[in-house]
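Please look over the sequence and the structure shown below before reading on. The report that follows is written for a reader who is new to protein models.

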Amino acid sequence: MENMNYTVTSIETLKQYTQGTVVPLTGFDGDPEHPFVARLKRPSMLALAKSGKIPNALLSTASDLFANGSNAVDEDDNTMMSRMFDMCVLMAKASMVEPTYEQLEEIGLQLTDEQLIEIFNFTQKGIKALSGFRR
C-alpha cells in the first residue's frame, strides 16, 4: 500500500473511543420522532469469547454471526432464533455504556427486537450499519 500521508492517531483520540458513540436507535414506541438515544461502544466478539463471556452454547452462533452477520439466521429454526436473541442480548450488555442494559432492566424496560438488531449491527460495523434502518 502506498504511503498516503497518514497521520498517527493520537492517544487523546483513542481515549475518546473508549467513551463510546452517541447512537440514535429506533424508539420504544416505534415513532421516528422519538428515538432512543444511547451511548454505545464496539466490544470485540473475539475478546468476549476468549474471556468466557460468551457461553459455550452460544459459541457456534457467535461464530456464524461473526462470519455472516444477521444473514446467518434461518428464520424457520426456532433454536437458532433463540440463540440469536441470546447473542444480541449479550452484545447489548457488552456495548451499552449509557444507559446500561442493567439500568433498563432495573426500571422494567426491555429493548425491542429492532433495537437489539440495531445494537448488534452497530457492534459489528459501526454507525454505518444503522443507515439501513433509517428512512
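This is a predicted model: local features need pLDDT of at least 70, side-chain atom pairs count only at pLDDT 80 or more; totals for chains, interfaces and linings use all residues.

Residues are numbered from 1 along each chain as its sequence is written, and side-chain values use heavy atoms, with hydrogens and water left out.

**The chain as a whole**

The protein chain has 6 helices and 3 strands, where helices (H or I, at least four residues) and strands (E, at least two) are DSSP runs numbered from the N terminus. Read from the N terminus on, the elements follow the order α-β-β-α-α-α-β-α-α. Of the 135 residues in the protein chain, 32% count as buried; buried means under 20% relative accessible area, exposed means over 50%, and partly exposed lies in between (1.4 Å probe, protein chains only). The protein chain exposes about 9,100 Å², and carbon and sulfur atoms supply 51% of this area, which comes from the Shrake-Rupley method with a 1.4 Å probe, where for residues only the protein chains shown count as cover. Among the contacts (heavy atoms within 4.5 Å) in the protein chain with a separation of 6 or more, 56% are between residues 24 or more positions apart.

**The sheet**

Strands of a sheet pair through backbone hydrogen bonds, either parallel or antiparallel. Here, 3 strands form an open sheet with the order 1-2-3 and antiparallel pairing; two strands pair if DSSP finds at least two bridges between them. Strand 1 (21-25) and strand 3 stand at the edges with a single partner strand each, so one side of each is left without a neighbour in the sheet. From one strand to the next, the twist averages 50°, an angle between axes, which are lines fitted to C-alpha atoms (for helices over the stretch in contact), with angles running from 0 to 180 degrees between N-to-C directions.

Strand 1 and strand 2 (residues 36-40) pair over 5 bridges in the antiparallel sense, whereas 2 bridges join strand 2 to strand 3, again running antiparallel. The table lists some of the bridge partners.

| Residue | Bridge partner | Strand of the partner |
|---|---|---|
| Thr21 | Leu40 | strand 2 |
| Val23 | Ala38 | strand 2 |
| Leu40 | Met96 | strand 3 |

Gln115 counts as buried because its relative accessibility is 0%, and Glu118 is buried with a relative accessible area of 0%. Leaving out residues up to four places away in sequence, Gln115 touches Thr26, Gly27, Phe28 and Phe36. The side chain of Gln115 also reaches the backbone nitrogen of Thr112 at 2.8 Å, while the side chain of Glu118 makes a polar contact with the side chain of Thr26 (2.8 Å). A polar contact is a pair of N or O atoms within 3.5 Å; within protein, one must be able to donate a hydrogen and the other to accept it, and residues adjacent in sequence count only if both atoms are side-chain atoms.

Rings of Phe, Tyr and Trp (its six-membered ring) pair if their centres lie within 6.5 Å, and planes under 30 degrees apart count as stacked, over 60 as edge-to-face and the rest as tilted. By this rule the count comes to 1 aromatic pair. Phe28 and Phe36 form this tilted pair, with 5.0 Å centre to centre and 55° between the planes. Phe28 counts as partly exposed because its relative accessibility is 31%, whereas Phe36 is buried, at 11% relative accessible area.

**Two backbone details**

Most residues other than glycine have a negative phi, and most peptide bonds are trans. Asn5, although not a glycine, has a positive phi of about 60°. Asn5 lies in the segment before helix 1 (11-17) and counts as exposed, at 70% relative accessibility. The peptide bond from Glu98 to Pro99 is cis, with omega near -15°, and Pro99 lies in the loop between strand 3 (96-98) and helix 5 (101-106).
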